[in-house]
Amino acid sequence: MTGRLDAPLKVAGRAKYAADNNFPGMVYGCVVTSTVARAEIEAMDVTAAKSAPGVLAVYTPFDPLELQTPPPMPIPGDAWLPLRNRDVEWYGQPIGFVVAETFEQARDASMLVEVTYRQLPARTSLEDHLDDAEDPPELLGGAEPVVTVLADGVESIEDALADSPVVVSATYRTATQNHAAMEPHSAVAVWEDGVLTVYSGNQGSNLLAYELSGALGLEPAQVHVVNPFVGGAFGGKGRTSVPGFLAAAAARALNRPVKATLTREQVFTATATRPATLQEISLGADRDGTLLALKHDSWCTLPRSGSFVEETSHSSSLRSYATRNLRISQRVVRLDLPQTTFMRAPGEAPGSFALESAMDELAVALDVDPIELRLRNNSIAPPGQDLQWSSKHLDECFTTGAQRFGWIHRTPNGRTDGDWQVGLGVATAMFPAIRFPSSVEVRLNADETAVISTSGADPGTGLLTVVSTVGAESLGIAPERITPRLGNSLFPPGGMSGGSSATASTGTAIMAATAEVLDALLKLASAPGAPFEGQEVTYAEGQVHGGGRTMPYGELLRAVGEESVAAVGSSAPGEEMTKHSFSSFGAQFCEVRVHRLTREVRVSRLLGVFDGGRIINDQLARSQLSGGMIWGVSAALHEGLEIEDNGRFANGDFAGYLVPVNADIPQVDVEFVEYPDTFHNDVGARGLGEIGVVGVAAAIANAVYNATGIRVRHIPITIEDLL
Ligand code: MOS
């Protein structure tokens with residue numbers, strides 16, 4: 001098994017991230033942010049800032065950089081362009097950009113900008129403004145805000161619930177979160193001979209190049225985006241960041257290379273968040289646990305401008321369980337809070353907290369084992385849909401996991417161990433299997449090596465290694481002979497590392513490109529004057545075969561006087577979408593210990609068993625999943641932005657925004673049930689990036705209930721909830 005190819009560079013500090021790039025004559029930009037949540041900016045006095053040492057320019061809404069709305073991209077949500085008008089729509093909104101010869105000069109000058117606000121009343125609480133909820137501006141795939149599936153003869157979901165022998169109803173809440181990637185959003189932009197080169201961590205360099213070219217009114221070919229290394233993204237680097245737009249526009253305006261980085265505090269407000277949600281769920285069941293009705297109504301926050309919706313009902317309840325009657329709805333509440341965007345397992349992560357907690361409540365009400373309840377309602381297709389799952393082994397995830405975890409020892413009221421109350425919990429995990437259009441170039445070289453290039457990004461997911469592995473397999477040569485190249489918009493458009501799609505998308509494109517390049521190679525081999533002139537030729541394991549002879553491809557290229565042969569191959573979702581529904585599945589198991597006196601919660605064991613199709617690289621797949629599961633612990637027990645009435649994040653920094661440290665995390669056990677899914681794509685791999693986080697928060701809350709008898713219906717769960 002190949003280890004992570006980029007690991008040695010990263011561990012040794014030799015991986016060059018965006019802000020590590022320096023150029024002669026480079027200047028530095030600092031972002032200025034608002035100190036109120038809602039206002040019209042009446043004036044900005046930049047006299048002192050402009051005359052401070054080293055300052056080249058101070059950009060504000062009164063003296064803005066040239067930026068226009070870019071064309072839409074095939075990514076949910078929209079770009080937010082800084083300094084476009086005088087409206088302040090959230091606390092910490094970028095309202096200025098100071099450029100100076102040194103970073104220190106820019107930072108010092110940025111503190112001299114004086115802002116006069118005409119303050120307006122701000123709305124910052126989802127709970128207080130539920131009455132102002134509205135329909136969402138857009139939902140994924142153009143879905144309707146309300147989806148209803150009713151069995152024949154059933155008039156409404158309320159009737160179906162009323163007719164159910166057992167009903168549980170509850171309201172669940174999840175907190176606003178920030179991606180908090182280790183690498184703060186940053187950009188270095190160089191304008192030279194009418195071409196802008198931008199170094200900026202992202203999830204797809206071709207997408208950023210397209211968005212930036214639109215924003216700057218340039219041709220796409222005039223913007224070149226480079227990001228070989230990305231220090232974490234998780235959805236937060238899917239679009240151009242504020243430093244990206246500002247550095248690019250300033251580099252053009254000043255004709256100097258510009259570097260802009262956000263401070264950690266600015267990352268919390270100048271980038272987008274996962275919005276808070278409120279979810280009401282009612283489950284109706286027969287006494288044997290068969291689901292008869294599922295009603296899931298969701299609300300999430302949205303900024304005043306902006307359209308990304310955290311689709312909790314549509315993600316979780318629309319797909320999870322077989323039920324004859326279903327009604328889901330999604331509403332939004334516009335508040336004076338930062339922009340929203342996708343974050344690891346959008347919809348599913350907070351949605352599964354609610355649904356999987358509700359399933360546990362139903363198991364308690366029915367007095368049935370929570371695993372048995374889930375298996376009893378296992379679906380062969382999403383409710384109300386004809387297309388069956390292409391490959392689903394959720395039952396095996398649960399049975400394998402139950403055995404491995406010792407589920408048989410669970411009792412309905414937990415157990416005690418000295419001063420600790422110990423409980424076990426489970427949850428189902430799902431994340432849809434997605435592919436995006438992707439193109440890849442495969443080049444065979446005369447020195448018997450190969451280069452595989454695509455513009456896609458490896459934000460820590462392991463894509464670079466996957467490209468090497470799938471390429472080696474397709475070409476039938478050792479991975480050591482392959483150089484994978486990512487993160488450059490000059491490479492064929494690889495789409496986005498997002499939606500847990502990159503392995504399936506890029507892998508399939510590599511297979512297509514390999515077929516093309518081998519075709520070209522064999523044509524060269526049998527061409528007039530070539531070693532296999534006029535013969536039937538085939539390729540296997542790096543060798544061309546024909547007429548009883550064999551020749552390595554490099555030797556053949558040398559014989560015909562070519563340094564290399566290359567081809568681009570592409571893949572995109574297609575006919576398979578009309579034949580099956582696609583999703584990865586998993587079962588999350590968790591043991592918690594709650595201290596009798598201090599009420600602190602410790603997660604003592606975690607197991608996830610996943611059904612994600614073929615596993616390309618065991619080590620990287622485990623790493624993705626355990627990372628996701630740790631994020632689930634974080635969501636359950638640590639993470640959440642505290643929003644003050646004035647819209648300020650009380651804990652918008654790494655001192656206050658809690659994430660787990662090593663001491664908070666037990667050994668995380670990841671297992672696979674491996675069934676290659678070639679209905680979905682030729683590689684047989686479905687997504688594994690996001691499903692790791694799904695269900696973990698519910699499994700923890702369910703374990704806390706098992707340990708203590710206290711049902712906590714919000715995350716993060718704190719000591720105060722268990723007093
Ligand atoms: Mo992932 S949240 O789709 O980048």
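How many bridges join strand S1 to strand S13, and do they run parallel or antiparallel? Select residues 27-33 for S1 and residues 258-261 for S13: three bridges join them, and the two strands run parallel. Strands here are DSSP runs (E, at least two residues), helices are DSSP runs too (H or I, at least four residues), and both are numbered from the N terminus. Two strands pair if DSSP finds at least two bridges between them. Now click on Tyr 28; its bridge partner in S13 is Lys 259.

Before we move on, two notes on what you're looking at. This is a predicted model, in which local features need pLDDT of at least 70 and side-chain atom pairs count only at pLDDT 80 or more, while totals for chains, interfaces and linings use all residues. Residues are numbered from 1 along each chain as its sequence is written.

**Stop 1**

Angles run from 0 to 180 degrees between N-to-C directions, and axes are lines fitted to C-alpha atoms, for helices over the stretch in contact.

**Stop 1**

**Stop 2: two packed helices**

Select residues 348-366 (helix H9) and residues 696-708 (helix H16). They pack at an angle of about 35°, with their axes 8 Å apart. Which residues meet here? From H9 come Ser 352, Phe 353, Glu 356, Ser 357 and Asp 360, and they meet Ala 697, Ala 698, Ala 701, Asn 702 and Tyr 705 in H16. Sorted by class, this contact has five nonpolar, three polar and two charged residues. Ala, Val, Leu, Ile, Met, Phe, Trp, Tyr, Cys and Pro count as nonpolar, Asp, Glu, Lys and Arg as charged, and the others, Gly among them, as polar.

**Stop 3: a three-stranded sheet**

Finally, find the open sheet with the order S23-S24-S25, where the pairing is antiparallel. Its edge strands are S23 (538-540) and S25 (549-552). Neighbouring strands are turned by 30° against each other on average, direction ignored.

Three bridges join S23 to S24, and Tyr 539 has Val 544 in S24 as its bridge partner. In the hairpin of these two strands, with two residues between them, look for Glu 541: its phi is positive, near 50°.

Now go on to S24 (residues 543-546), which four bridges join to S25. Here His 545 has Thr 550 as its bridge partner, and Gln 543 stands opposite Pro 552. The turn of this second hairpin holds Gly 547, with a positive phi of about 55°.

Notes. Two residues are in contact if their C-beta atoms, placed from the backbone, lie within 7 Å.
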